[in-house]
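This report describes selected features of a predicted model.

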Amino acid sequence: MSSSDKPEIVDRDAKEKEHKEDDKEEEKGGFIDKVKDFIQDIGEKIEGAIGFGKPTADVTEIHVPKINLEKADIVVDVLIKNPNPVPIPLVDINYLIESDGRKLISGLIPDAGTIHAHGEETVKIPITLIFDDIKNTYDDIQPGSIIPYRFKVDFIVDVPVFGRLTLPLEKTGEMPIPYKPDIDVDKIRFERFSFEETVAVLHLKLENKNDFDLGLNALDYEVWLSEVSIGGAELSKSAKLEKTGITYIDVPITFRPKDFGSALWDMIRGKGTGYSIKGNLDVDTPFGPMKLPVSKEGGTTRLKKNKEDGGDDDDDDDEE
């Protein structure tokens with residue numbers, strides 16, 4: 001008989017031992033799986049019976065209640081809905097505003113309140129952006145520009161059954177870095193002249209240096225000629241100041257020439273008259289209303305008469 005014809009000798013005890021170990025492994029794996037399934041099933045039944053669920057959050061609106069040359073006050077409204085039969089606490093609120101991946105501001109609001117059972121709450125996140133901080137940190141962000149932003153916020157809540165959860169949110173948009181307009185008195189034109197009272201019109205030149213339009217609603221101003229205040233006014237005036245453009249507006253003013261002393265004769269002779277002007281513009285912008293200061297000191301202008309009075313309407317010899 002050849003070696004291949006020899007019967008196979010099997011150790012029965014070893015074989016039985018191997019089968020028992022396999023059975024134990026199968027029983028062990030099956031038991032763990034059953035425990036996992038049981039726990040998951042119980043959790044789902046508890047969640048279904050009691051009504052537990054994950055809360056949701058959504059950014060509903062971003063307000064800009066105040067914006068000027070120095071800062072922007074921003075309020076972010078976030079609606080949080082709680083589907084659970086018990087109140088859930090807001091443990092922390094982490095927020096970040098960035099532009100092109102660069103941090104502009106971040107913060108933490110601890111213990112932000114509680115969301116009522118089966119209720120919803122609008123949580124307000126107040127943020128203040130200081131424009132000087134942004135410009136000093138990033139040299140390429142110029143006054144008058146519009147920059148993109150990304151608002152990120154994490155709401156950390158403590159929910160029964162689920163434990164501590166993080167609800168992440170993002171919102172994108174644009175924000176301005178405002179810049180004050182330039183102002184010049186292009187010329188002063190007489191409407192009625194006398195030494196006791198002169199009625200004139202200031203021909204103002206306004207240069208909007210922002211990358212967005214300004215809707216002028218009102219302005220207040222005070223004017224000095226030859227270092228003598230000729231008064232000012234506060235009036236409503238509608239005009240559109242085109243972005244990076246120049247707009248001319250006329251505003252009335254009344255003054256007493258005899259208060260100027262010897263400077264009066266320079267004015268009458270048509271010589272250049274030194275002036276200063278300071279005031280504020282109330283404007284509408286795509287980002288909300290603003291009050292922007294305007295000023296010019298050490299300027300030079302000319303006094304003109306109406307054509308009816310024999311005056312020359314040519315502006316070529318006007319000085320600024």
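## Pocket, sheet and backbone

The lining of the second largest pocket comprises 14 nonpolar residues, no polar ones and one charged residue. In total, 15 residues line this pocket, and V64, I74, Y149, E174 and M175 lie nearest its centre. Two or more lining residues come from each of β1 (56–67), β2 (71–82), β6 (146–159) and β7 (163–176). The volume of the second largest pocket is about 200 Å³.

Strands β1 and β2 also take part in an open sheet of three strands, ordered β1-β2-β5 and paired in antiparallel fashion. β1 and β5 (119–130) stand at the edges, each with a single partner strand, so one side of each has no neighbour in the sheet. From one strand to the next, the twist averages 20°. The antiparallel strands β1 and β2 are joined by nine bridges; D58, for example, has L79 in β2 as its bridge partner.

Turning to the backbone, most residues other than glycine have a negative phi. D100 has a positive phi although it is not a glycine, and a positive phi is likewise found at D111, which is not a glycine. The two residues are set out below.

| Residue | Phi | Place | Relative accessible area |

Key:
Residues are numbered from 1 along each chain as its sequence is written. This is a predicted model: local features need pLDDT of at least 70, side-chain atom pairs count only at pLDDT 80 or more; totals for chains, interfaces and linings use all residues. Side-chain values use heavy atoms; hydrogens and water are left out. On a 1 Å grid over the protein atoms alone, a cavity is a set of points where a 1.4 Å probe fits but cannot get out, and a pocket is an open set with protein on both sides within 12 Å along at least five of seven lines; lining residues have an atom within 4 Å of a point. Grid points are joined across faces, edges and corners, and a volume is the space filled by probe spheres set on the points. Helices (H or I, at least four residues) and strands (E, at least two) are DSSP runs, numbered from the N terminus. Ala, Val, Leu, Ile, Met, Phe, Trp, Tyr, Cys and Pro count as nonpolar, Asp, Glu, Lys and Arg as charged, and the others, Gly among them, as polar. Two strands pair if DSSP finds at least two bridges between them. Axes are lines fitted to C-alpha atoms, for helices over the stretch in contact, and angles run from 0 to 180 degrees between N-to-C directions.
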